[in-house]
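Let's take a walk through this model together, one neighbourhood at a time. Have the viewer open and follow along.

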Amino acid sequence: MDLKAYLSSEEFYGKLASRYNLNWDVSNYFRHSLSIGYNNYLGRFPLVLCGPIVRKTTAESVSIWIAMKEYREVSLKIYKDDEGSKGEEVAVDAESRTARLGEHLNVALVTAKPSDGKKFDAGKSYLYNLSFGNGDTLDTPGVVHNDPGTAEQEERITYPGYELPSFIIPPEKVRDLKVVHGSCRNVNGGGDDAMPILDDVLADSFTSQRPHQLLLTGDQIYADDVRYVHQHLLTDAGDLLLAGERIDDGTETYEDVWESDDTVLPKEVWAPQWREPLPLKEEGETVTAITAAEINRQTGNRGDFVREHANFTTTSKQGHLISLGEYFAMYLSVWSPVLWLSYFKLKTRMTGSDKVPPEPKDDPEIKKLRKQIREAASQAERATLQKQCEELWEKLEKEWQAAHMANSAEQLRQFVQGLHKVRRALANIPTYMMFDDHETTDDWHVNRNWVRETYETPLGRRIMMNGLAAFAVFQAWGNTPEHFARDKPGGKLLDELERWITHRCATPPWEADKDTRPAKVICKLLNLPLDKTEAVELARKLRTGDQAFTAAANTVQWHFDIKFPTHQLLATDARTFRGFPGSQYQPSVHLSDDAIGKQVPKTEDNPELTLLISPCNLITVPFFRNWLSVYLLPFFQYFKKFKPGDRHKLTAFDPDLADSWEVHSPAFEKLLARLASRVPEKDGKRHSRVLVLSGDVHFSFAARLQYWGEKPLGGSSGDHRLTLAHLTASAFKNEVSEFAVLHDMGYELANLIAAEKKLPEPEIILGYPKPDSFSEEKAKDILLNTKWFPNYYPAMMQETPAMLPLPQMEEDLKVPKPDWFYRIDFVRGAKGSDYQADLSDPDPDPGQKWYQKMGSKLKKHYLYGKNSVAGRDIISRNSLAVLNFHWEGKGKVSGEALSKTAKTLKVDVEEAFPAPPFQIVIGEEVLDISKAETQGDYLHLTVAKRGDEGTDAAEHNIGTEVKIRQAARQTHWLVEKELTETEINLSPVEFLTYRVPLADNDPAYPKPELPLEENATSP
């Protein structure tokens, strides 16, 4: 069955239009889109396919990224912001490059620096404009919009009152810093896309406290979860972008087809000039190749294809990006609406498009025929009935699959509705990006078996090359423009990609030397094995002496380190620097020892705050660290029956088990030690404040870690302190229905049936450099008097380093003095609004019994409670996180002493406090402040709660110090959907705020008292 042909047939569209109430003109758009693809459609697109996107922005330079359908040299000018109008010109481009990456794809990055060696002013906004030659700028017709005058305001790249896009320089003080972050944006994932909320956040605060930076912490695309319709569109778009099109002789032109009567079927009138040959087998110099379009024709499930031919372990039952053009097209399709065809840009609501008929096996007629076949009196009657059943089955299967395609197309169309907001936001906020795994394929480098099995296949190496090359162009280039200068590895990579694409992604005929062929040079620059021989050698190396990937000389580096006036931004690459210390199926270590040293460098000046991007969570909720990964997943797998090709179903490749940091593991301890010891000593101690921003897990939560050490692992002696806030924002678009239970139960499995949800008890871990830190008698005593399960295991104290879980030990048990120890606390959020999401009533079914109707209502009530009421621990809904800081504010109690029950106080202010609500600390008490008013020489504060967060309300004398409770505040915004008869309205809703204290001695998180042996002093 040719499904693509059936999707273009009159039979399908006649039924589709009547069944799902589709407007015939609308269905024709979809029909033309699938059957003709992008034939000659590019002429309707403006010059700019994607962007502009503001990238690395500091006081010294600003970089802008842009993708175009034609080659243009791009220049950049920057102006002071004169209330939205161009002020004085302050900078011009210093460096610019346009990379020719296809017949119709040219990507440029241009960097401007202030004139005369000056700097941009901290906290100030600036406007910018791009020039494309021939007098063309951003507001020229045909550049960003074919007709800028008719473009709706929301479709423009400027905000109301601004004549050009703009950006803001980070401020000088942490208290003024505002950051947005998020991760995991799957076009085909569950729920509504939360990334367009960024546009609303910017619009609401554009002239006041607008965000300074956007941090995308991983999985900006999902290469391994591409639905059928999107896969075909990306294949066509990718071929067009790289190769251009040709019109076959003797056929109708695109315009003839487009204007033809609806009863005339369109024809395939175009073909790309060439398609990338993808290697399936290599035997010496002989390569068996296939194209992405041929793969589409051969299979409807690319997940099976890449598992068979590339030894990938993705569990996707859908498509998978393979060709370089597909990876390029995917990025263009998630950041800009331009490349999407007309059907997907329609703003009307397609009623009924979410309905799918039952599968053939569930159809009543099929069931009836099968029963008749079983009861047939003769062989002839059975054969007749069997033929009828097969014919009906084929017909129903076509309808079922076609309806799924229509539903998938409608989901894509709803995604496209928010892309103009995403595009405008990215044009007005400096953005930094780091990959996780889905930018290439799921569970990339998850263990040594994956490395060996995948890199030994030519298709596996090619897909990894294409995915990383696309990441370099679309993400990494803007993070570190200096690393993509022509004499740097990044610049050489762009050179080789241009050469590779120019020669149709094949070896130029004159290239006899393997080492100079473009594909080989690209692999070298990306630190990938060149062929099977190198893959085998890599697997041997990782198995024996050198058990970690190393950064080969002159290769592209993905991690980055950028210093700003208020903070330092570190982005860790936890994929290409992994260690593989165990067996071939044992999870790899996210950062090898060498990677920790390089990616978390020591610093001569102690930044007030370090933002650390960690694509995978450093701290994982207890449910995933013990019950799920240690017990439930292995238990269920024990009963699974595996077939050949089911390698991807092993728990060794399950991301919940194999792809998370493990608290108290050697790598985790080394990273904490590095974070605590990397800053210089001040006043006799080192104190580092780190905010870890993460995603990956498709739910959001917050945690806090406090670290004390006299001699951190591998470090020098001294007083070391680390205060670490861990804030997870996931996903932008990838709701997992199974995680809805986390929204209700919170961090602990026991909360599932608890009337009052409780936070886990603090997790306190003691660290020792070696197992011989304990005498044999003491080791036995500890082993027998510790409750190891389910969170811990006895071998912890016999490994290097040796670790002990203090709360699990008997109270009267004494321990030797540890070299370091830390406590981990999970944090509860506060509701940001009285958010109430209504769930529509189930569709009425006249045939339902009374108990079925009651069951439907009970189900609705259950789902409302589980999914829609704002939880205060874990968020399972798609969201965007906005981060700001309560950092300064100091004074003394004035006027009169504060009693234990007083709800107002006067403060003699020494350092200004932020706008309420905020928290203050007086002595050992935390107070919630809801209102602040200046009265004469004093600040009058109204207290919402005394003795907050487990502290005790106390009396405070006049003159007692009042100080701000230093904290990072992360507010999550959700999308609320409103459906009308004709349209879908999406609006942002403030949902939940996490507040994580970052002071060294916060009263709610006291330093634990350790049960030390006699004559031992606490570190």
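You'll find N985 in strand β33, residues 984-997. Leaving aside its neighbours within four places in sequence, N985 is in contact with E976, K977, E978 and T980, where contact means heavy atoms within 4.5 Å. N985 and Q417 are 568 residues apart in sequence, yet their C-alpha atoms are 9.9 Å apart in space.

A word on what you're looking at: this is a predicted model, in which local features need pLDDT of at least 70 and side-chain atom pairs count only at pLDDT 80 or more, while totals for chains, interfaces and linings use all residues. Residues are numbered from 1 along each chain as its sequence is written, and side-chain values use heavy atoms, with hydrogens and water left out.

Now zoom out. The chain has 25 helices and 33 strands, and 57% of its 1019 residues count as buried. Take the contacts between residues at least 6 apart in sequence: 76% of them join residues at least 24 apart.

Next, have a look at the sheets. Seven strands form an open sheet, in the order β1-β2-β5-β4-β3-β6-β7, with antiparallel pairing; two strands pair if DSSP finds at least two bridges between them. β1 (48-57) and β7 (166-168) stand at the edges with a single partner strand each, so one side of each has no neighbour in the sheet. On average, neighbouring strands of this sheet are turned by 30° against each other, direction ignored. Such angles are taken between N-to-C directions and run from 0 to 180 degrees, the axes being lines fitted to C-alpha atoms, for helices over the stretch in contact. At one end of that order, β6 (residues 125-131) and β7 pair in the antiparallel sense over three bridges, and S125 stands opposite I168 in β7. Helix α15 (residues 458-479) packs on the sheet, touching β1, β2 (62-68), β4 (85-100) and β5 (106-114), and its direction makes about 30° with that of β1.

Stay with α15 for a moment. Of its 22 residues, 22 are buried. From first C-alpha to last, α15 reaches 30 Å, close to the 32 Å expected at 1.5 Å a residue (the expected span is 1.5 Å times one less than the number of residues). α15 also bends by about 45° at A472, the bend being the angle between axes fitted to the seven residues ending there and the seven starting there.

The next helix along is α16 (residues 489-502), whose 14 residues should span 20 Å and whose end C-alpha atoms are 20 Å apart, so the two agree. Here 10 of the 14 residues are buried, among them L493, L494, L497 and W500. What do the buried residues of α16 pack against? Their partners are β4, α5 (228-243), α9 (324-335), α15 and α17 (518-525). Just after α16, R504 takes a positive phi of about 60°.

Another positive phi turns up in a hairpin. β12 (residues 278-283) and β13 (residues 286-290) pair in the antiparallel sense over five bridges, with E283 bridged to T286 in β13. Two residues lie between these strands, and G284 takes a positive phi near 65°.

Further along, six strands close into a barrel in the order β26-β27-β30-β29-β28-β31, again with antiparallel pairing. Its neighbouring strands are turned by 45° against each other on average, direction ignored. β26 (residues 890-894) and β27 (residues 904-911) pair over five bridges, and S894 stands opposite K906 in β27.

One last stop: T786 sits in the loop between α24 (776-784) and β22 (802-805). Is T786 buried or exposed? With a relative accessible area of 10%, T786 is buried. Leaving aside its neighbours within four places in sequence, T786 is in contact with P805, Q808, M809 and L813.

Notes: Helix = DSSP H or I, 4+ residues; strand = E, 2+ residues; numbered from the N terminus. Buried < 20%, exposed > 50% of the residue type's maximum accessible area, 1.4 Å probe, protein only.
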